[in-house]
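Thanks for coming, everyone. I'll walk through one model today, charges first and backbone last. Have a look at it before I start.

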Amino acid sequence: METIEQVFSEIKKKDEAIGAFLSFDMKDGEKQREEAESSKGSLAGISMGIKDNIAVKGQPLTCASKMLKTHRASYDATAIERLRKAGAWFVGKTNMDEFAMGGSTENSAFQQTKNPVNHDYVPGGSSGGSAAAVAAGMVSAALGTDTGGSIRQPAAYCGIVGLKPTYGRVSRYGLVAFGSSFDQIGPMTQTVEECEQLFSVIAGADEKDPTCTGEGYQIQKERSDFTTLRVGLVRGIEKMGIEESVLAAYRDLVQEFQEAGALVEEVEFALPSEAVSVYYVLTSAEASSNLGRFDGIRYGLKGRGSSVEEEMRASRSQGFGLEVKRRVLFGTHVLSAGYQDQVYKKAHLYRATLKKRMEVLFQSYDLFLMPTTPTPAFRLGDHSDDPMGMYLEDAFTVPASLTGIPALSIPYAKSEKGLPIGMQIMAAHGQEEMIFEVLKGLEAKNGIFGRRG
């Protein structure tokens with residue numbers, strides 16, 4: 001069990017260069033540590049970083065935005081409450097893209113986080129601070145949030161394990177909403193086994209969140225027989241702009257499943273480019289509604305003006321960053337008269353069709369495999385003036401987000417430059433059990449993902 005001195009000593013050595021944390025709970029850390037030490041829970045003494053859009057009582061809750069710069073949480077999110085009872089302690093709040101909007105953690109209002117593997121590259125986003133803190137060994141585990149890939153993409157870029165649970169299986173109570181029908185809290189860890197352990201603690205219905213009706217989770221035994229396993233692949237994925245090193249890693253994982261005895265077949269899946277467009281229409285519309293309360297009168301930074309309208313305009317102008325303004329304006333546009341039928345309702349129809357398509361596919365297949373991202377991490381600043389390029393980094397993660405199914409990213413290989421490459425495994429709605437038992441079975445045969453070679 002780590003001491004509080006060991007944890008903060010490690011952070012002091014590394015975080016000045018990486019910038020994973022926005023704040024630390026030094027004052028309350030010792031008290032938390034003592035409580036964790038006396039706990040007999042399954043996570044006794046585990047140190048964790050928490051993304052700064054999840055409420056931890058007494059700690060800052062800024063969403064990496066000037067709008068909430070001075071805000072502190074007055075209560076624990078349900079996931080935090082459950083982790084605390086299990087003996088985890090919370091070192092501090094981790095950096096993120098402002099209000100979880102971004103794919104590089106370059107959109108934080110306070111600082112830039114760097115990839116621990118190579119500081120010239122981004123850690124991914126929006127849970128980049130959580131991923132970097134775990135990858136650098138500053139904490140044992142972290143919580144992130146995933147709306148369109150915000151856990152899986154940074155997990156892939158930093159070389160760790162990250163799970164987007166089934167929508168509704170982990171409570172969103174205490175999470176600052178971005179896209180309410182997409183957002184999910186999930187674990188980020190070094191190994192598949194640790195990820196499953198954290199998920200078993202935070203999963204389960206919560207009366208404080210009416211959308212959280214999912215069952216709890218029991219730790220699964222590793223799978224030993226792969227001959228009855230049916231694995232689906234996306235037909236034509238090689239032509240979808242994937243970098244060669246990522247494609248080679250993908251082929252290696254496919255071969256690993258085949259050698260274990262699984263039936264592997266290509267099928268028609270979803271066109272990632274269409275899924276990305278639909279995702280941004282729907283999440284931007286939800287964001288424009290969710291962020292409407294941050295006007296300086298009800299919540300958030302208070303701007304000055306001679307009228308209520310001027311005060312609200314000043315509050316939002318000074319409080320929100322460029323990416324948040326871009327998405328809120330786009331969301332308001334697609335909800336406006338004339339565009340609601342033309343754009344917003346069509347996006348909903350696509351989502352419903354995709355869900356039905358996936359339900360049919362999962363009658364024939366147990367799992368689907370896909371690279372987590374088309375490329376390894378990109379250099380800091382590469383997409384600063386290219387938001388579309390940034391959005392397309394989510395091409396392989398948004399199908400699971402649109403349909404609400406679980407998806408987990410594992411660290412599988414490294415590029416010629418030594419950058420981590422992640423692979424994504426998806427299962428049917430509520431079937432995290434299948435993902436964990438299969439991956440633990442492969443690890444038992446061939447070694448722990450991310451520690452091979």
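Let me begin with a question: is E432 buried or exposed? E432 is buried, because its relative accessibility is 0% and buried means under 20%. Keep in mind that this is a predicted model.

So what does E432 pair with? The side chain of E432 meets that of R169 in a salt bridge, 2.6 Å from N to O. The two ends sit in separate elements: E432 is in helix α14, residues 432–446, and R169 is in the loop between β5 (161–164) and β6 (184–189). The pair therefore ties together parts that are 263 residues apart in sequence. R169 is buried as well, because its relative accessibility is 4%.

Stay with helix α14. A second salt bridge involves K440, whose side chain meets that of E196 at 2.7 Å, N to O. K440 is in helix α14 and E196 is in helix α6, residues 192–202. This pair also links distant parts of the chain, 244 residues apart.

Now the helix itself. Helix α14 has 15 residues. From first C-alpha to last, α14 reaches 21 Å, close to the 21 Å expected at 1.5 Å a residue. How many of the 15 residues in α14 are buried? The count is 12, and the helix is mostly covered. Among the buried ones are the charged residues E432, E433, E437, K440 and E443. The buried list also includes M434, I435, F436, V438, L439 and L442. G441 is on that list too.

Side chains of opposite charge can pair when their charged atoms come close. Here the side chains of D52 and K93 meet, at 2.9 Å from N to O. D52 is in the loop between β2 (47–51) and α3 (78–85). K93 is in strand β3, residues 89–94. Are D52 and K93 buried or exposed? D52 is buried, because its relative accessible area is 1% and the cut-off for buried is under 20%. K93 counts as buried at 0%.

I54 is in that loop between β2 and α3 as well. I54 is buried, with a relative accessible area of 0%. Look across to T94: the C-alpha atoms of I54 and T94 are separated by 10 Å. Along the chain, these two residues are 40 residues apart.

How many salt bridges does a search of the whole structure find? The search finds 19. Some join into a network, where E10, K13 and K14 are linked.

Now to the surface. Which residues gather in a patch of negative charge there? They are E5, E30, E34 and E35. Helix α2, residues 26–38, gives the largest share of that patch, three residues. E34 is found in helix α2.

Last, the backbone. Most residues other than glycine have a negative phi, and most peptide bonds are trans.

Take C63. Its phi is near 55°, a positive value in a residue other than glycine. C63 is in the loop between β2 and α3. C63 is buried, with a relative accessible area of 1%.

Then T105. T105 has a positive phi of about 60° although it is not a glycine. T105 is found in the loop between β3 and α4. T105 counts as buried at 0% relative accessibility.

S126 lies in the loop between β3 and α4 (128–135).

That's my tour. I'm happy to go back to any of these on the screen.

How values were computed
Residues numbered from 1 in each chain as written. Predicted model: local features only at pLDDT ≥ 70, side-chain atom pairs only at ≥ 80, totals over all residues. Heavy atoms only, no water. Patch = residues over 30% accessible without salt bridge, like charges linked within 9 Å, V, L, I, M, F, W, Y side chains within 5 Å. Areas by Shrake-Rupley, 256 points an atom, 1.4 Å probe, with all protein chains shown as cover. Salt bridge = Lys/Arg side-chain N within 4 Å of Asp/Glu carboxyl O. Charge placed at Lys NZ, Arg CZ, Asp CG, Glu CD. Helix = DSSP H or I, 4+ residues; strand = E, 2+ residues; numbered from the N terminus. Buried < 20%, exposed > 50% of the residue type's maximum accessible area, 1.4 Å probe, protein only. Expected span 1.5 Å × (residues − 1).
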